[in-house]
Amino acid sequence: MSKESSTVFKAWEATVRKTQAARKRANSIFGLSVDHDHDHDSDHDHSSDDSDYGPEDMIYNADKILPNGDYYTGQWCENFPHGQGKYLWTDGCMYVGEWFKGKTMGKGRFSWPSGATYEGEFKSGYMDGNGTYTGANGDTYKGQWVMNLKHGHGTKNYSNGDWYEGEWRRGLQEGHGKYQWINGNHYIGEWKNGEIYGKGTFVWSNGNRYDGNWEECVPKGNGNFKWPDGSLYVGNWSKDPSEQNGTYYPSQSSSDANLEWNPQDVYNIDLKDCTICPGEKVSILPSQKKLAVWRSAKGNGVKPRRMSVDGRVSVGLERPMDRMQMWDGGTGDDPACNASDRASTVGRDQLNDHDLLGLNVEERGQMKVPKAGRRQGETISRGHKNYELMLNLQLGIRHSVGRPGPSGSLDLKPSAFDPREKYWTRFPPEGSKYTPPHQSCEFKWKDYCPLVFRTLRKLFKVDAADYMLSICGNDALRELSSPGKSGSFFYLTNDDRYMIKTMKKAEVKVLIRMLSAYYNHVRAYENTLVTKFYGLHCVKLTGQPIQKKVRFIIMGNLFCSEYTIHRRFDLKGSSLGRTTDKAETEIDEMTILKDLDLNFIFRLQKSWFQEFCRQIDRDCEFLEQERIMDYSLLVGLHFRNTSAAGDLIPSGALTPTGENESDGTPKLSRADMDQLLLDPSRWASIKLGLNMPARVEKTERKSDCEFQLVGDPTGEYYEVIMFFGIIDILQDYDISKKLEHAYKSIQYDPTSISAVDPKQYSRRFRDFIYRVFAEDTP
C-alpha cells in the first residue's frame with residue numbers, strides 16, 4: 001500500500017474513533033463491533049471488469065461504520081461501494097448485492113424493516129428488470145419492473161388467495177390478463193389502469209359467463225350472458241336500467257327461473273363481491289435511500305454531500321459541526337415528505353488535504369441553457385385588428401359547446417361524418433332566440449361535424465366547462481407574432497392549453513375527408529402521437545363590407561407544461577432548408593430548431609422506446625393510407641440539471657456547490673420522480689410523448705459533412721423531460737405538392753426535399769426518427 005493511501009486510511013480510522021456517538025448508535029442498532037484492518041493489501045481485487053477505473057483506483061474489501069450510524073461491508077473503490085457489498089441503514093433497511101460507483105446496479109436483495117423484500121435486478125438505484133417482491137402483508141409479485149414499478153409481464157399472488165397473471169403498466173394491470181378470485185370466479189381479457197376495461201370474459205363458479213365489453217370493472221356496451229344450460233341473453237349493457245336493452249334466447253332445457261332473471265342482477269348481486277385487490281403501498285423506495293459518502297475539500301472548499309443509491313446528491317441546508325459534514329436521509333417513515341424535509345446535518349467541518357476522499361467534480365466544457373424568451377404571442381385587446389374576430393370565435397365556441405347534445409356513446413353512425421353535417425347559426429348584435437346579444441358586428445357561425453368533435457373531446461377526456469373557460473373566459477387570446485409557413489395564423493389561450501389555427505378551405509376538406517379514419521385511429525390507440533383535434537369551425541363576418549370567411553381548428557398545445565421547454569425541434573427527416581435562419585445569439589427558448597440544428601440523440605427507457613416505435617409505425621401507416629405528407633415530429637426538451645450560470649450539467653456530474661439554482665420554474669428531480677412513483681394518482685401525468693423522463697446524448701457533426709443529418713455520439717448525456725408529437729397532418733399529396741416535387745427534383749437531390757410521395761415520405765420519416773431515438777442502456 002502506498003504511503004498516501006496509508007495516511008488516508010489512518011485519517012479515516014481517527015475520524016471514526018473520534019465520532020463516539022455515531023459508533024455507539026451503530027452498535028446499539030446493529031449489535032456489532034467492527035475491527036478495522038490497518039493493512040488492506042491482501043484485500044485488493046485486481047479482477048474488476050470496470051474499465052473506467054485505472055490501476056490507481058484499486059478495489060478492496062472494506063468494513064465501514066459511517067458517522068451517521070450506517071454500516072457497509074463489501075467491495076469499495078474511490079469512496080464508493082463498487083462490486084459486491086452489503087449496506088445497512090439505521091432505519092433497518094438493507095441492501096445486499098451488486099454496486100456500481102455507489103449505485104445499486106445488477107442483481108441484489110433489498111429488505112424493509114416491515115419484513116417486505118425485493119430480490120432481483122436493479123438499475124441506477126431502481127428496481128428495474130426481473131424481480132420478485134414479497135410484501136409485509138403476504139402479497140407477492142414476480143415479473144418485470146421498470147423504475148420501481150411493475151411494468152411488463154408478471155404474476156401477483158394476493159394474501160387473500162386471489163391472483164393475477166398478465167400485463168402491467170406503470171404499476172397497474174393494463175393490457176391482457178387473467179384475474180382469479182378465491183371463490184372460483186375468474187376474468188380473462190383486457191385491463192386499463194388497474195381496472196377491467198375493454199373486451200373480456202367473466203366466468204362464475206356456477207358456470208354462468210359474460211362475454212363482451214367492460215368499463216370500470218362492470219359490463220358496458222355490447223355483450224352476452226350465457227347459462228350452463230345454453231340459454232343466452234344478448235344486448236346492450238349499462239348500470240343505468242334505462243339504457244339496458246337486449247333479447248333472451250332460451251335453450252330447449254332452460255329453466256323457468258331464467259325467465260325471471262334481471263340483467264341488473266349482474267351488477268347488484270353477481271359482481272358485488274368480485275373486487276380487485278389493491279396493491280400494497282411501499283413505505284420508501286430503494287432509490288430514495290441515501291448513502292453516507294465523503295468528498296475532499298482540497299482545492300475547492302466544497303462541503304461533503306450525501307448521495308442516494310441512484311447516484312443523486314441530496315439538497316438541503318447545511319450547518320457546520322465538529323470536523324465532518326454529511327447528510328442524514330431520514331428514516332423514510334413518512335414517504336410523502338419532501339427530501340429537503342427529511343434532510344438534517346449530523347456532520348463536521350470540512351476536511352483537510354489528508355481527510356476523506358470523495359465526490360470530486362470534473363470540470364468540463366458546458367452547454368448552455370438557451371436564453372429565456374418572452375411569453376409567446378401578443379394579447380388581443382380592444383383596438384387589435386382581430387379583436388372582433390376573437391369575440392366572434394369565443395361566442396361561437398360557447399354556443400357550440402354549451403348546446404345540449406346526445407349523450408354519450410363512442411360508437412358513431414356514418415352519418416355523423418358526412419361532409420354535409422354542418423350547421424350555420426346567425427349571431428345578430430341584438431341577440432336571438434338561440435344566441436346572446438353582443439357588442440361585435442353581426443356574424444354567422446358554422447360547426448363542422450359537431451357530434452364527432454363533441455365525442456372526440458369526450459374521448460380525449462376534455463371537460464366541457466374547462467374547455468369553455470380556457471377559450472371563452474375573461475382572459476383574451478394571444479396571437480403569435482407571425483403566421484406559419486403555410487400562411488395560417490395561430491392563437492393561444494391564456495392558460496396555454498389550446499392552440500387555434502386558421503385554415504385554408506383545402507385543409508378543411510382534407511380533415512373532413514379523413515375524419516372517420518382519424519376518429520377510429522385515435523380511439524383505437526390511446527397513445528397516438530398525432531395532433532388532437534377538438535373542434536372545427538368557421539366565422540363569416542356578415543356585418544362588414546367585405547364578407548370574409550375564417551376557418552379554424554382547435555388543437556391541444558403539446559408544450560403546455562409547468563416545466564420550461566428549453567429546446568424545441570421540428571423534425572421531418574429531410575435536409576433541404578432544414579435549418580433555422582436565426583443567428584446563434586438570437587436563438588432562445590421559443591426558437592423552433594430543425595433537422596440540421598439537431599445535436600442530440602434521444603434515449604428512452606426500454607419499454608417506452610418499444611412503445612414509441614410501435615406507435616410511430618401505427619401513426620405513419622395511418623397517415624400514409626390517408627395520403628398525408630409533410631408532417632413532422634415536434635420535440636420539446638426540459639433539462640433537469642442546470643447551474644446558476646445557465647450551464648447544462650451532464651448526467652453523473654455534480655455541481656461544485658452541490659445545489660442547482662432554479663430559474664423559478666419547477667424541475668423534476670430524481671427525488672421528485674420517487675415521490676411521483678409513490679403516488680399512483682400522479683402516474684397518469686407521464687404518458688408517451690408527455691412529461692417523459694429520458695436522457696439525451698450530445699452529438700457532433702463532422703466538419704466536412706455539410707448535410708450530415710445525424711451527428712456522431714459523444715458519450716455526454718443529459719437528464720431531460722421530453723414532450724413530442726406528430727403535427728401538421730393535413731397536407732395531402734395534391735397537384736401543388738406534385739409540381740413542387742418535380743420542380744425541386746431538377747435542382748436538388750430528390751431525397752433531400754420535403755415534398756415527396758406519402759409512401760416515400762413515411763419511410764424516410766421513420767428511418768430518420770429511428771436514428772435519433774434509441775433505447776437507453778446503462
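Biologist: Hi! How many salt bridges does the count come to?
Modeller: The count comes to 19 salt bridges in this predicted model.

Biologist: Nice. What does Glu-243 pair with?
Modeller: Glu-243 meets Lys-220 in a salt bridge, at 3.6 Å from N to O. Glu-243 sits in the loop between strands E17 and E18 and Lys-220 in strand E16, so the pair ties together parts 23 residues apart in sequence.

Biologist: And which residue does Arg-523 bridge to?
Modeller: To Asp-411, with the closest N and O atoms 2.9 Å apart. That pair links distant parts of the chain: Arg-523 is in helix H8 and Asp-411 is in the loop between helix H5 and strand E25, 112 residues apart.

Biologist: Is Asp-411 buried or exposed?
Modeller: Asp-411 counts as exposed because its relative accessibility is 53%, and the cut-off for exposed is over 50%. Arg-523, at 36%, is partly exposed.

Biologist: Switching to helix H9: how far apart are its end C-alpha atoms?
Modeller: They are 29 Å apart, which agrees with the 28 Å that its 20 residues should span at 1.5 Å a residue. Its buried residues include Trp-608, Phe-609 and Leu-623. Just after H9, Arg-627 takes a positive phi of about 65 degrees.

Biologist: Last one! Which residues gather in the patch of positive charge?
Modeller: Lys-422, Lys-505, Lys-509 and Lys-549 gather there, on the surface. Lys-509 belongs to helix H8 and counts as exposed at 55% relative accessibility.

Notes:
Residues are numbered from 1 along each chain as its sequence is written. This is a predicted model: local features need pLDDT of at least 70, side-chain atom pairs count only at pLDDT 80 or more; totals for chains, interfaces and linings use all residues. Side-chain values use heavy atoms; hydrogens and water are left out. Patches are made of residues with over 30% relative accessible area and no salt bridge: like charges are joined within 9 Å, nonpolar side chains (Val, Leu, Ile, Met, Phe, Trp, Tyr) within 5 Å. Accessible areas come from the Shrake-Rupley method with a 1.4 Å probe; for residues, only the protein chains shown count as cover. A salt bridge is a side-chain nitrogen of Lys or Arg within 4 Å of a carboxyl oxygen of Asp or Glu. Lys and Arg count as positive and Asp and Glu as negative; His and the chain ends are not counted. The place of a charge is taken as NZ of Lys, CZ of Arg, CG of Asp or CD of Glu. Helices (H or I, at least four residues) and strands (E, at least two) are DSSP runs, numbered from the N terminus. Buried means under 20% relative accessible area, exposed over 50%, partly exposed in between (1.4 Å probe, protein chains only). The expected span of a helix is 1.5 Å times one less than its number of residues.
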